There are 2 protein chains.
Amino acid sequence: MHVIDGRRIAGGIEKKIAEEIAHDKPHVSTILVRGNEESELYAKLKEKACRRVGFESETIAFDEGATEKEILGEIKRLNDDREVHGIMVQLPMPGIDYGKVVNAIDPAKDVEGVHPFNMGMTLLNREFLVPCTPLAVIKILEHEGVEVRGKDVVIVNHSNIVGKPLAAMMLNRNATVSVCHVYTDDLMKYTGNADIIVSGAGVKGLITEKHVGEGSIVIDVGIVKEGEKVYGDVDFDSVKEKAGMITPVPGGVGPVTIACMLENSLRAYRGVAARSHRKN
Amino acid sequence: MHVIDGRRIAGGIEKKIAEEIAHDKPHVSTILVRGNEESELYAKLKEKACRRVGFESETIAFDEGATEKEILGEIKRLNDDREVHGIMVQLPMPGIDYGKVVNAIDPAKDVEGVHPFNMGMTLLNREFLVPCTPLAVIKILEHEGVEVRGKDVVIVNHSNIVGKPLAAMMLNRNATVSVCHVYTDDLMKYTGNADIIVSGAGVKGLITEKHVGEGSIVIDVGIVKEGEKVYGDVDFDSVKEKAGMITPVPGGVGPVTIACMLENSLRAYRGVAARSHRKN
């Protein structure tokens, strides 16, 4: 059994990005509404990651009670600003229509890959800016030399930013894909026959050794917080004896997800730079 | 065993549309490059369907060897024309980048639901203009009173306009979804356990009674032409004895797909009309 080291994979991606941008300064802006501790923590994590690789980064924080109009106005400003290459929106935004906000972002600056245009491009196998968690799963498998074509992949999550785009990306690579979730009758029937299991239900201990076939690959994208501790979906200690490869939580998919946001940002930077060059 | 009558379902949808637009005139334009008999036939079928419900319809035919620039110019004209509510592009277009052409269509007039923005909205469970074949499958199941939530659905097709968007739509409705294709090792393992099988591989006789569990629902979206005859993926005579419900080919999904294009057109008409009203 091999425990996948997400921090090491992320480190490799970040090192490469830092080298590539030596003389450039991609600029990433995050919009945040104050009042949620976790949300502010994530924004800081992203800022730190940007600085680590030499990006410029700012968090634009609105006070609690900020209106949709204010947020949309700020997004318009960032869209129009040629010095801004990436825009992120930190959830939750209480009382604000997230769909409307995301739709307002210039797709070319959507470094989280969540704008409908980018989602559609991902579904249509024309991946450019793709959601960061699915991209992290793909990167991890690539890094470990796992070919997904023809493999039986089971994804336990059918959310807009994880399960559905990841399913599309696995299909783009010719895996056979099953997507399970809370309405699935017999989860074990699916996971037990899988070559690769990606679980992101957010339920601690959901995936036990009984769910997993001998030698299968288990990627844990679940995040469950209990006080200061963080757990995934997978009962790591029992599953690791049976799995061929497994990601831990923390230190698995999480750091690679952040590295993928940086990679998207670099891609957006190059795209936006090319576009503004054409306009000049 | 119940044979689903696609023509009757389509007739019902078309009747409702015709009633609803009594005093309106949605206008749908199809762009076609001459030289492919099948393609010209499809364009005519679509025109006929538009006329049947009282839409205005035109086919804009380019001669063989039309350039991308000419096609893109025509799309721009149609986008800007307030009297045009729907735009379709008939494949094949030899030597022309289909992705570029589709991206050029105003998403609000994309009545085939294939623009990346609309695909993304479909994936994100904000369905508005959705691809017609997947929509037809959903409509048929709704018409037959089949609740997909919690059902095991197997889709044999992972194309951009059938398998992947249909998987997203089934997940939006909380089905458990598996997508199989030519790289799938053991198709029977998937289909044999399914409540609902949707097959669109374009391989005559791919799905036999051995693939199908007792009482399952079999939707055939395959199209295989042999001379004047048309077949689906499903070996109808053997499978119908075992299946609970089954669609024939022809007379199953095909007519409903056309009706769904009309329904999308009505939706686009209302959207475009609302938009141009706001502008006035």
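## Crossing helices at the interface

α5(A) and α5(B) are roughly perpendicular to each other (an angle of 65 to 115 degrees; under 35 counts as roughly parallel, over 145 as roughly antiparallel, the rest as oblique). Both helices span residues 116-123, one in chain A and one in chain B. Their axes come within 6 Å and cross at roughly 90°. Axes are lines fitted to C-alpha atoms, for helices over the stretch in contact, with angles from 0 to 180 degrees between N-to-C directions. Helices (H or I, at least four residues) and strands (E, at least two) are DSSP runs numbered from the N terminus.

This is a predicted model: local features need pLDDT of at least 70, side-chain atom pairs count only at pLDDT 80 or more, and totals for chains, interfaces and linings use all residues. Residues are numbered from 1 along each chain as its sequence is written, while chains are lettered from A and ligands numbered from 1 in the order in which they are written.

On the chain A side of the crossing stand A:Pro116, A:Phe117, A:Asn118, A:Met119, A:Gly120, A:Met121 and A:Leu123. They meet B:Pro116, B:Phe117, B:Asn118, B:Met119, B:Gly120, B:Met121 and B:Leu123 of α5(B). Contact means C-beta atoms, placed from the backbone, within 7 Å. The residues of this helix contact comprise 10 nonpolar, four polar and no charged. Nonpolar here covers Ala, Val, Leu, Ile, Met, Phe, Trp, Tyr, Cys and Pro; charged covers Asp, Glu, Lys and Arg; the others, Gly among them, are polar.

## Symmetry and the chain contact

Chain B superposes on chain A by a rotation of 180° with 0.0 Å of shift along the axis, at RMSD 0.0 Å. The two copies are thus related as by a two-fold rotation axis.

Chain B puts 30 residues into the contact and chain A puts in 29. On the side of chain B that touches chain A, the elements giving two or more residues are α5, α7 and β6 of chain B. α5(B) gives the most, with seven residues. By class, this side of chain B has 14 nonpolar, 12 polar and four charged residues.

## Packing inside chain B

α5(B) also packs on α7(B), at an angle of about 35° with the axes 8 Å apart. B:Met119, B:Thr122 and B:Leu123 in α5(B) meet B:Pro165, B:Ala168 and B:Met169 in α7(B). This contact has five nonpolar, one polar and no charged residues.

B:Ser199 sits in strand β7 (residues 196-199) of chain B. B:Ser199 has 24 C-beta neighbours inside 10 Å, so it counts as buried. The cut-offs are 20 or more other C-beta atoms within 10 Å for buried, 12 or fewer for exposed, and partly exposed in between. Leaving out residues up to four places away in sequence, B:Ser199 touches B:Val156, B:Leu206, B:Ile207, B:Asp220, B:Val221, B:Gly222, B:Asp233 and B:Val234. B:Ser199 and B:Tyr269 are 70 residues apart along the chain, and their C-alpha atoms are separated by 32 Å.

## Nonpolar core

The largest nonpolar core has 174 residues. Such a core is a set of buried Ala, Val, Leu, Ile, Met, Phe, Trp, Tyr and Cys residues joined through C-beta atoms within 7 Å. A:Val137, A:Val218, B:Val137 and B:Val218 have the most contacts inside it. Beyond its neighbours within four places in sequence, A:Val137 is in contact with A:Leu166, A:Val198, A:Ile219, A:Val221 and A:Val253.

## Backbone exceptions

Most residues other than glycine have a negative phi, and most peptide bonds are trans. The bond from A:Val249 to A:Pro250 is cis, with omega near 0°. A:Pro250 belongs to the loop between β11 (245-246) and α10 (253-279) of chain A. In chain B, a cis peptide bond joins B:Val249 and B:Pro250, with omega about 0°. B:Pro250 lies in the loop between β11 (245-246) and α10 (253-279) of chain B.

A:Asn174 is not a glycine, yet its phi is positive, about 65°. A:Asn174 lies in the loop between α7 (163-172) and β6 (176-180) of chain A. A:Asn174 counts as partly exposed because it has 17 C-beta neighbours inside 10 Å. B:Asn174 has a positive phi near 65°. B:Asn174 lies in the loop between α7 (163-172) and β6 (176-180) of chain B. With 17 C-beta neighbours inside 10 Å, B:Asn174 counts as partly exposed.

Note on methods
Two residues are in contact if their C-beta atoms, placed from the backbone, lie within 7 Å. Copies are superposed by least squares on the C-alpha atoms of residues with pLDDT of at least 70 in both.
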